[in-house]
Amino acid sequence: MIIFGTRHKTKTIGSGEFYCPHCQTQRAYERKHAKRYFALYFIPIVPMGDVGEFIECQTCLHAYNIDVLKYAPPTTPVNAVELLNSVKSRLQAGDPVEYVIRDLTAAGIDRNMATAVVSASIGEDRKFCKTCNLSYVASLESCRECGQLLV
């Protein structure tokens, strides 16, 4: 029995940072080029042409058209007082600790102060997502990003 078909091979041709539409923040990316190959017994043998280029987020692994690099997220003025007052409710609603700290530091609050505010709001007990490497308040059961159960 002969097993044949086509397979894609990718090659990284660049990297950098971009605004990931899925993660909704700045993330590392790799720019990749894909080619289609004729495969025999799952081994790519003969190139059959280019598939194209794409951008792959290195956090969520979603792929995007290269035009995503041109996207600039809308910037809205951030009110630090409103952010500080919403820390506990955001964490209990399912926002990851890292996202809350990111937003606080983006509003001009020192990172150590932002971490202290989060700890004062929810304590030190946290659950973690093994897939996303995000931490959550201990009362949550699943990751907001990937849906995996928290440990």
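Is Y29 buried or exposed? Y29 is buried, with a relative accessible area of 12%. By buried I mean under 20% relative accessible area, by exposed over 50%, and by partly exposed in between, with a 1.4 Å probe and protein chains only.

Before going further, a word on conventions. The model is predicted, so local features need pLDDT of at least 70 and side-chain atom pairs count only at pLDDT 80 or more, while totals for chains, interfaces and linings use all residues. Residues are numbered from 1 along each chain as its sequence is written, and side-chain values use heavy atoms, with hydrogens and water left out.

Let me stay with Y29. Y29 belongs to strand 2, which covers residues 25–40. Helices (H or I, at least four residues) and strands (E, at least two) are DSSP runs, numbered from the N terminus. Contact here means heavy atoms within 4.5 Å. Not counting residues up to four places away in sequence, Y29 touches G14, S15, G16, E17, F18, I55, E56, Q58 and L69.

At 36% relative accessibility, A28 counts as partly exposed. Its contacts, leaving aside neighbours within four places in sequence, are G16, E17, F18, E56, C57 and Q58. From the C-alpha atom of A28 to that of G94 is 24 Å, and the two residues are 66 apart along the chain.

In strand 1, residues 4–20, we find T10. T10 is partly exposed, at a relative accessible area of 49%. With neighbours within four places in sequence left aside, T10 is in contact with K32, H33, A34 and F54. T10 and K35 are 25 residues apart along the chain, and their C-alpha atoms are separated by 6.5 Å.

I turn now to the helices. Does the span of helix 1 agree with what its residue count predicts, or disagree? The expected span is 1.5 Å times one less than the number of residues. For the 14 residues of helix 1, 80–93, that should be 20 Å, and the end C-alpha atoms are 19 Å apart, which agrees.

The buried residues of helix 1 are L83, S86, V87, R90 and L91. An α-helix has 3.6 residues a turn, so residues three or four places apart point the same way. The cover over the buried residues of helix 1 includes helix 2 (97–106), helix 3 (111–122) and strand 6 (135–137). Just after helix 1, G94 takes a positive phi of about 115°.

In helix 2, the buried residues are V97, Y99, V100, I101, D103 and L104. They pack against strand 2, helix 1, helix 3, strand 5 and strand 6. G108 follows helix 2 and has a positive phi, near 100°.

In helix 3 we find S119. S119 counts as buried, at 17% relative accessibility. Not counting residues up to four places away in sequence, S119 touches E124 and R126.

Next, backbone angles in two loops. Most residues other than glycine have a negative phi, and most peptide bonds are trans. F42, which is not a glycine, has a positive phi of about 65°. F42 sits in the loop between strand 2 and strand 3 (43–57), and is exposed, with a relative accessible area of 58%. N133, also a residue other than glycine, has a positive phi near 60°. N133 is placed in the loop between strand 5 (126–128) and strand 6, and counts as exposed at 63% relative accessibility.

Finally, which residues line the second largest pocket? They are H22, C23, R27, T59, C60, Y99, T131, C132, L134, E145 and C146. The lining divides into six nonpolar, three polar and two charged residues. In that division, Ala, Val, Leu, Ile, Met, Phe, Trp, Tyr, Cys and Pro count as nonpolar, Asp, Glu, Lys and Arg as charged, and the others, Gly among them, as polar. A pocket is an open set of points on a 1 Å grid over the protein atoms alone, where a 1.4 Å probe fits, with protein on both sides within 12 Å along at least five of seven lines; lining residues have an atom within 4 Å of a point. The volume of the second largest pocket is about 170 Å³, taken as the space filled by probe spheres set on the points, which are joined across faces, edges and corners.
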